[in-house]
Amino acid sequence: MDRDHLHVVMLPWSAFGHFIPFFQLSIALARSGINVSFVSTPRNIQRLPKIPPSLATFIKFVEFPLPTLDNNDILPEGAEATVDVPADKVEYLKLAYDRLQYPINQFVAEQLPDWIIADFSSHWAVEIAQNYNVGFIYFSVFSAATVVFFGKPPNYFFVGDQKQAWPSPESLTSPPEWLSFPSSVAFRGYEAVWLHAGIYTENASGISDAARVTKVVRACKALAIRSCREFEGEFLSLQEKLMGKPKEILAHPSIGGSLFHSGWGSAIEMLQFGHCLVVLPFIFDQPLNARLLVDKGVAVEVERGEDGSFSRDGIAKAVKLAMVLEKGDKLRTRAREAAAIFGDENLHQVNYIGHFVEYLKHGGSNKI
């Protein structure tokens, strides 16, 4: 490994909630002098922000056309990301995405990069990295709380190769037994039913999301998490203890707002500016993020019925508490305090990204 000319290949999943964190990480690594190949499809790359001119020599966009499916009509014309397809067609996008493994395998064989930094979806990148003796890192765009919730190694989503570690939706409705501190991070009944089916069902791609992420987590040399110890210290410490691997910690700044679905990328963006958060979670990791943000005292969650229903009055009540009422003063104070953490570029670029770069340079031999 040439420590002065490191080359990293980025493999994000085809969703903009994943593209943007991977792009921001690419920018941060390029600022530290690391060469980055950002791999995706043409239309997705066209929709990304422009690379700063000063970093253009360090970041290369590598475009591979999205492979066609046997039934050409199954995906809308020009669809290359989740934003382009209805929810019931995302499984076919995963099938097409998986076929990118063939040109990516050829690219890695030719370039022989030092590291592959992959998303949860790129389960086939495990074999590519192993075949060419390339370091492999899983970059989680989810909160540390979400990773810990599902993350009891060596099982993760499975005990062995087949038995589900979470056997029923009900098993997702309380914090896991390995959580060693008080927390309300868990799914509610109506959230768990949808999620359990979604993660364990083998879809058109021939592999479930649970199997994808389990394979990636088990194979990675390190886990990079988009968070910081100043906010999620207890979860990050526990994750490192559970995995026995270093979770190189990353964070990135952007823009903000107030009422949102509690996606982790949006939470980071809003906390940077000290906004009080009103959370209304729907899918995937959003419910766990909502519970975490409420536990941390920076958010209020909209009240919902047992079936997940909510009303305009419930939203108004939550917004008034966060923005106007005197009993929301503590919430607003905590949000301003969080801005000092999430808005600290020196903390993120010099400390967290700096440590991550040192890890890459030393081939993962040092524990940071």
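## How the elements are named

Helices, of at least four residues, and strands, of at least two, are DSSP runs that are numbered from the N terminus. The structure described here is a predicted model.

Most residues other than glycine have a negative phi. With a relative accessibility of 74%, Asn-133 counts as exposed.

Phe-284, which is likewise not a glycine, has a positive phi of about 50°. This residue sits in the loop between strand S11 (277-279) and H11, and at 45% relative accessibility Phe-284 counts as partly exposed.

## The nonpolar cores

The largest nonpolar core of the model is made up of 119 residues, and those with the most contacts inside it are Leu-29, Ile-116, Ile-117, Phe-150, Phe-157, Leu-293 and Leu-360. Helix H1, which covers residues 16-31, gives the most to this core, contributing eight residues.

## Cysteines

A search of the whole structure finds zero disulfides. For Cys-276 the reason can be given as a distance: the closest cysteine sulfur, in Cys-228, is 18 Å from the sulfur of Cys-276, which is too far for a bond, since a disulfide requires the two sulfur atoms to be within 2.5 Å. Cys-276 is buried, with a relative accessible area of 7%, and Cys-220 is also buried, with a relative accessible area of 3%.

## Asp-114, a buried acidic residue in a loop

Asp-114 belongs to the loop between helix H4 (101-111) and strand S4 (115-118), and with a relative accessible area of 14% this residue is buried. The side chain of Asp-114 reaches the backbone nitrogen of His-7 at a distance of 2.8 Å. Asp-114 and Gly-135 are 21 residues apart in sequence, while their C-alpha atoms are 6.1 Å apart in space.

## Glu-80 and Arg-47

Glu-80 lies in the loop between strand S3 (59-63) and helix H3 (90-98). Although Glu-80 is buried, it has no salt bridge, and the nearest side chain of opposite charge, that of Arg-47, is 5.3 Å away. That distance exceeds the limit for a salt bridge, because the nitrogen and the carboxyl oxygen must be within 4 Å. If neighbours within four places in sequence are left aside, Glu-80 is in contact with Ser-14, Thr-41, Pro-42, Arg-43, Asn-44, Arg-47, Leu-66 and Leu-93.

Which partner does Arg-47 meet in a salt bridge? The side chain of Arg-47 pairs with that of Asp-84, at 2.9 Å from N to O. Arg-47 lies in the loop between helix H2 (42-46) and S3, whereas Asp-84 lies in the loop between S3 and H3, so this pair ties together parts that are 37 residues apart in sequence. At 29% relative accessibility, Arg-47 counts as partly exposed.

## Salt bridges around Arg-291 and beyond

In the whole structure, a search finds 14 salt bridges. In one of them, the side chains of Glu-191 and Arg-291 meet at 3.1 Å, from N to O. This pair links distant parts of the chain, with Glu-191 in helix H7 (residues 189-200) and Arg-291 in helix H11 (residues 286-295), 100 residues apart. Both Glu-191 and Arg-291 are buried.

Arg-291 also forms a salt bridge with Glu-301, and here the closest N and O atoms are 2.7 Å apart. Again the pair links distant parts of the chain, since Arg-291 is in helix H11 and Glu-301 is in strand S12 (residues 299-301), ten residues apart. Arg-291 counts as buried at 4% relative accessibility, and Glu-301 counts as buried at 14%. Elsewhere, salt bridges that share partners join Lys-94, Asp-98, Asp-209 and Arg-212 into one network.

Notes
Residues numbered from 1 in each chain as written. Predicted model: local features only at pLDDT ≥ 70, side-chain atom pairs only at ≥ 80, totals over all residues. Heavy atoms only, no water. Buried < 20%, exposed > 50% of the residue type's maximum accessible area, 1.4 Å probe, protein only. Core = buried A, V, L, I, M, F, W, Y, C linked by side-chain atoms within 4.5 Å. Polar contact = N/O pair within 3.5 Å; in protein donor to acceptor, adjacent residues only side chain to side chain. Lys, Arg positive; Asp, Glu negative; His and termini not counted. Contact = heavy atoms within 4.5 Å.
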